[in-house]
Amino acid sequence: MEAINYTINTTDKETLAKWFHLLTLGRKLDEKAPNYLKQALGWSFHAPYAGHDAIQLAIGQVFDRQTDHLFLYYRDMLSALSAGMTTEEIILNGLSKATDPGTGGRHMSNHFSKPAWHIHNVSSATGNHTLHAVGVARALKKYHQKGVAISSQGESSTSEGYVFEAINGASNEKLPVIFVIQDNRYGISVPKKDQTANLHAADNYSGLKILESSIATAKTCLIPLTP
Ligand SMILES: Cc1ncc(C[n+]2csc(CCOP(=O)(O)OP(=O)(O)O)c2C)c(N)n1
Ligand SMILES: [Mg+2]
């Protein structure tokens, strides 16, 4: 995966228009989703992504559905749209319809998935899909496949023991996996300082070997938000 530095001056208008479309479309759906919930039409819960826009746009844009594997968390609505899922597909999941491309309406809302495109179903145990991503990355390496696994989560879920298992295992076996940690300073209602030892959750893993570049990536993914 190539690192490219985009600026407003060097990015072509077509690309900027595509991103602007995704950013505005995503916010519309982010605001609409809780109304389905209030109208009792579905959407078992909604955790808005507003404020996570930049990193989520980027996650979807770097994802290559031919080679990569994407593991999103419940707040990743724009990541799903940016990766190419349609609003209709997301609403079909939210309203538990049989034509939901992920699970045929069996999973909770905001469990964004489309297995045909390698956007995988994840567990509702928060952060647990880090292990799934590492497993897929292990297979990519073993069978000499191109591509990477991209796993996304919030900062507080990195406190879970299985997240350590995943990151430690990926480090030990040098696996092609990117852990994106979206830091909004809260684990739902718990402030970050009560949940994680370091200011940047990624720093809790800084002793692991060969992880420097991943941690740098995670740090650039940290976005300051005003609560
Ligand atoms: C194992 C487990 N424990 C608790 C929960 C309930 N829960 C869901 S999200 C969440 C907080 C996660 O915070 P963070 O990882 O920072 O993500 P954010 O919602 O802030 O983006 C909790 C405690 C859960 N889903 N799974
Ligand atoms: Mg958080």
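Visitor: How does the shell around ligand 1 divide by class?
Guide: The shell has 4 nonpolar, 9 polar and 3 charged residues. Ala, Val, Leu, Ile, Met, Phe, Trp, Tyr, Cys and Pro count as nonpolar, Asp, Glu, Lys and Arg as charged, and the others, Gly among them, as polar. This is a predicted model, in which local features need pLDDT of at least 70, side-chain atom pairs count only at 80 or more, and totals for chains, interfaces and linings use all residues. Residues are numbered from 1 along each chain as written, while chains are lettered from A and ligands numbered from 1 in written order.

Visitor: Which residues are closest to ligand 1?
Guide: Thr-126, Gly-154, Ser-156, Ser-157 and Gly-187 are the closest of the 16 that surround ligand 1 (C-beta, placed from the backbone, within 6 Å). Strands S2 (149–154) and S4 (186–187) each supply at least two shell residues (strands are DSSP E runs of at least two residues, helices H or I runs of at least four, numbered from the N terminus).

Visitor: What makes H1 roughly parallel to H4?
Guide: Helix H1 (residues 13–38) and helix H4 (residues 87–94) pack at about 20°, with axes 12 Å apart. Angles under 35 degrees count as roughly parallel, so H1 is roughly parallel to H4.

Visitor: Which residues of H1 and H4 meet?
Guide: Leu-25, Leu-29, Ala-33 and Tyr-36 in H1 meet Thr-87, Ile-90 and Gly-94 in H4 (C-beta atoms within 7 Å). By class, 5 are nonpolar, 2 polar and none charged.

Visitor: How do you know that S2 and S3 pair?
Guide: Pairing takes at least two DSSP bridges; S2 and S3 have 6, in the parallel sense. Ala-149 stands opposite Val-177 in S3.

How values were computed
Axes fitted to C-alpha atoms, helices over the stretch in contact; angles between N-to-C directions. Parallel < 35°, antiparallel > 145°, perpendicular 65-115°, else oblique. Contact = placed C-beta atoms within 7 Å.
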